[in-house]
Amino acid sequence: VADDHSIPHPWKPVTTLDDKTFKLLDREYTFDGGAFPVQAISRGEKLLNAPVSLLCNGKQVEWSDFKIVSKNQDVIKLSGRGTVSEISFQWSGELWFDGLYSLKLKMIPEGKTGSKIDSFNISWKMPERFAKFVMSPLRNKWHNDQIFLMPGPSNITAREHLIWLTGHLRGFLWWPESDANWVNNKNEKPIVISRKDGSVNVSLNIISKTAKLTKDAVYQMAFMATPAKDQPKDFRKFHSDGRGVKGQTAQHIGWGAFHDKLYKDETTTPASHIPRDTVSYKEAVETWRDRGIAPFTYGMPGQIGSNTAEYDYFSRTWATIPSHHHRITKGGEKYMLQRCCGNTGVSDLFAWRTEQLFKNYPNLGGLYYDVGGSGFCQNTEHGHGGVDAFGKPYFSSGAMALRKLLMRIYKIHKK
């Protein structure tokens, strides 16, 4: 369900201006035969003073074999190769309708003996007016025109991690899936952001101390020119909650699923999207609509109850590890909610249930999603976490997995 190439409003198809320049809503990306954009334009303004570039052992990578692998209205897939001395690279990228450019970069050593890596760096420059604020995700303060950051959070229970340089409107974002295959000195903060003479330089010192590469090292990251879209013109007219106060346009329902008492507008769990009582639930929906107020049922993206069949069958492979659990008592029954990764079948389950919910209750305004943070995960059952090419354990961000799930839910809403 909604796992297709459709594009929800207000975004537009990704189009090609030439073989290496791509246009989408309010933005353009230009490549020059390599894995990284050499220019990004947001609403008519160039965001880069210097292109995103890669240096390995102090040398520029020589890129080759740039090609468009596939072209759909929602995403264009790219690929290519590169070399520097005896080290080779393979890459694949996806440029999406919302402006996200996802990149998988594989660094391959020569032969069985491996390759010595003294340094490995990705950098770019931006006009200072588009890099006034440095978010990761909260704002960082400048000290002597510099900011030093880590490539990942301090621990696995932390929230999302990214580097977003932005002005009051336009900006440019970089996101790493993990700090896998980063090799740095102890206590070093290898991301260095500096400003001088109206320009801001970002330097990702991925390998800053000598290391021996004996197996393929994979780096998963993303770039994005912002903003992704405008707010709807009438967004300030959306007035949520108040239980019927003057001017209210929307009401969240289903909060009762958290409490021991039974409520007529609740679902079987706070995250299930399944009404506990179809008759009373429909009555609640229609009652709000009759008052001119759109009801939005409460939910949590990708969370399943330990009292459900899907938990018994799939929790081991679907679960994010570690995970924050909500513990609930309902009608004397105790259970917990398990957060699951969007890389798994939980995305199919939630998309199907959302479609059924809207089909059976067409007067619903939509879903209200709570507790939607992506967090980090080390469940190797669905491809997160592990040990990198240099023997270092790592954990992975769930942001892209959550994005895939929410994209499907959003399409169903718009449809």
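Contact means heavy atoms within 4.5 Å. The legends below describe close-up views of a predicted model.

View 1. Helix 2 spans residues 309–318, and its buried residues are Glu-310, Tyr-311, Ser-315 and Trp-318. These four lie on the same side of helix 2, because the arc they cover around the axis is only 100°. On the face turned away from the buried side, helix 2 carries Asp-312, Tyr-313 and Arg-316, which are exposed.

**View 2. Ser-347 is a buried residue of helix 3.** Helix 3 runs over residues 346–360 and includes Ser-347. Ser-347 counts as buried because its relative accessibility is 4%, and the cut-off for buried is under 20%. The side chain of Ser-347 reaches the backbone oxygen of Gly-342 at 2.8 Å. With neighbours within four places in sequence left aside, the contacts of Ser-347 are Gly-342, Leu-405 and Arg-408.

**View 3. Cys-341 and Cys-377 are not joined by a disulfide.** Over the whole structure, the search for disulfides returns 0. For Cys-341, the nearest cysteine sulfur belongs to Cys-377 and is 5.8 Å away. Seen from Cys-377, the closest cysteine sulfur is that of Cys-341, and 5.8 Å is too far for a bond, because a disulfide needs the two sulfur atoms within 2.5 Å. Cys-341 is buried, with a relative accessibility of 4%. Cys-377 is also buried, at 2% relative accessibility.

**View 4. Strand 20 pairs with strand 13 and with strand 19.** Strand 20 covers residues 199–207 and is mostly covered, with 7 of its 9 residues buried. Its pairing with strand 13 (residues 120–127) is antiparallel and has 8 bridges. In this pairing, Ile-122 has Leu-204 of strand 20 as its bridge partner. The pairing of strand 20 with strand 19 (residues 191–196) is antiparallel too, over 6 bridges. Here Val-192 is bridged to Ser-203 of strand 20. Strands 19 and 20 form a hairpin with 2 residues between them. Asp-197, in the turn, has a positive phi of about 55°.

**View 5. Trp-124 is among the residues with the most contacts inside the largest nonpolar core.** This core has 73 residues, and Met-107, Phe-120 and Ile-193 are also among those with the most contacts inside it. Strand 22 (residues 217–226) provides the largest share of the core, 7 residues. Another core, of 24 residues, lies apart from it and includes Val-285, Ile-293, Leu-402 and Leu-405. Neighbours within four places in sequence aside, Trp-124 is in contact with residues that include Leu-48, Pro-51, Phe-172, Trp-174, Val-202, Leu-204 and Phe-223.

**View 6. Arg-289 of helix 1 is partly exposed.** Helix 1 comprises residues 278–290, Arg-289 among them. The relative accessibility of Arg-289 is 33%, so this residue counts as partly exposed. Not counting residues up to four places away in sequence, Arg-289 touches Ala-294, Pro-295, Asn-363, Leu-364 and Gly-365. Gln-251 is 38 residues from Arg-289 along the chain, and their C-alpha atoms are separated by 9.9 Å.

Key:
Residues numbered from 1 in each chain as written. Predicted model: local features only at pLDDT ≥ 70, side-chain atom pairs only at ≥ 80, totals over all residues. Heavy atoms only, no water. Buried < 20%, exposed > 50% of the residue type's maximum accessible area, 1.4 Å probe, protein only. Polar contact = N/O pair within 3.5 Å; in protein donor to acceptor, adjacent residues only side chain to side chain. Arc of directions from axis to C-beta. Pairing = 2+ DSSP bridges. Core = buried A, V, L, I, M, F, W, Y, C linked by side-chain atoms within 4.5 Å.
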